[in-house]
Amino acid sequence: MTLLLPSIALLTGLALLVWSADQFVDGASATAIHFSMPPLLVGMVIVGFGTSAPEMVVSTLAASQGNPALALGNAWGSNIVNTAFILGVTALVSPILVRSVILRKELPILMGVMALAGFLVWDSAISRVDAWVLLIVFFGLMGWSIWEGMRGKNDALGKETEASLSAKPMPLPKALVALGIGLAVLVGSSQLLVWGAVTIAQSLGVSDLVIGLTVLAVGTSLPELASCVAAARKGEHDIALGNVLGSNLFNTLAVVGLAGAISPMALEPEVLTRDWPVMAGLTVLLFVFGWGFRGRQGRINRVEASILLSAYVAYTAWLLVTTAQTI
């Protein structure tokens, strides 16, 4: 019975989080279009921020309440879920072709960001200096994204975003209401989610890091799963990949940076020996699949999707086995 209420809070928080994130992204995207923001910029910045809003709110609350490991596990775990599970499932539904020039530019940038994250945590800690380095790089990339979004009018990602937004137009008053309600419920559901996750972790003797890497990571990544599968089924491959790339950049830089600035954290040894290598390795795989070499167009076909999903299953099994041995 001691776990009943936290479990209900966790499940309710997850359900409300998924719903509110969808409302927030739709409202923010429609509002931006009403104010004449270029569709490519909406796809790169607004949607990228919106799909990472659950991770950002959950991790900020966790750090402010003295659970920074939960914040890091949520951010890095979401990256692993995004790359291996979500892209794997999406590409099984419909193989992903990488047509956007800008997304091909983002792939090596994401590789560099993962290397930076590994360098900063090599001393088994994230200090406020480390956090601010991440945030400064994040704002620099946002500046680059805005510049690219303003000038790349013929990019495939912009065309797909424009077509997607045109298919479900939303009046400005309705967009503002969806934006406001989505944000409010997002914050409230995140508070519920964090309380339930922390209480369950403490009751079972599981570390905050593991809860963040598993339950919270999957839960806060559900909006990306829904949007990526829907985009792939409509042939909007660049939107599907752009959601994941944008989310991973936001998570690694903004989410971890904000959490570390609020509450510097000492890291468990497994972060360096298990979690960062898996996250970085999956990013390398994504680069190899998505970049395209020797005239081959970048793509993630069903074979490559199976490799990504197998990697996620293996990592999750590894995580559960090592956790069971420490309880």
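This note sets out numbered points on the predicted model and its computed geometry.

1. Basis. The model is predicted, with local features requiring pLDDT of at least 70 and side-chain atom pairs counting only at pLDDT 80 or more, whereas totals for chains, interfaces and linings use all residues. Residues are numbered from 1 along each chain as its sequence is written, and side-chain values use heavy atoms, with hydrogens and water left out.

2. Secondary structure and overall form. The chain holds 11 helices and four strands; these are DSSP runs, numbered from the N terminus, with helices (H or I) of at least four residues and strands (E) of at least two. The radius of gyration is 19 Å, close to the 20 Å that the globule rule gives for 327 residues, so the chain is as compact as a globular protein of that length. That radius is taken over C-alpha atoms, and the rule is 2.2 Å times the number of residues to the power 0.38. Along the principal axes, the C-alpha atoms fill a box of roughly 55 × 50 × 40 Å.

3. Of the 327 residues, 56% count as buried (under 20% relative accessible area; exposed is over 50% and partly exposed in between, with a 1.4 Å probe and protein chains only). The accessible surface comes to about 13,400 Å², and carbon and sulfur atoms account for 71% of that area; the Shrake-Rupley method with a 1.4 Å probe was used, and for residues only the protein chains shown count as cover. Among contacts (heavy atoms within 4.5 Å) between residues at least 6 apart in sequence, 87% join residues at least 24 apart.

4. Nonpolar cores. A core here is a set of buried Ala, Val, Leu, Ile, Met, Phe, Trp, Tyr and Cys residues joined through side-chain atoms within 4.5 Å. The largest core has 91 residues, of which Leu72, Trp76, Leu87, Leu241 and Ile300 touch the most other members. Helix H9 (residues 237-262) supplies the largest share of this core, 12 residues. Beyond residues up to four places away in sequence, Leu72 touches Gly77, Ile126, Val256, Met265, Leu267 and Val271.

5. Thr283 is found in helix H10 (residues 270-291) and is buried, at 4% relative accessible area. Leaving aside neighbours within four places in sequence, Thr283 is in contact with Leu110, Met111 and Met114. Pro108 lies in helix H4 and counts as partly exposed at 36% relative accessibility. Not counting residues up to four places away in sequence, Pro108 touches Phe287 and Trp291.

6. Ser124. This residue lies in the loop between helix H4 (101-120) and strand E2 (125-126). For context, most residues other than glycine have a negative phi. Ser124 is partly exposed, with a relative accessible area of 29%.

7. Asp155. Asp155 is placed in the loop between helix H5 (128-151) and helix H6 (156-167), and is buried, with a relative accessible area of 8%. Asp155 touches Leu40, Ser100, Val101 and Ile102, residues up to four places away in sequence not being counted. The C-alpha atoms of Asp155 and Asp238, 83 residues apart along the chain, are separated by 9.9 Å.
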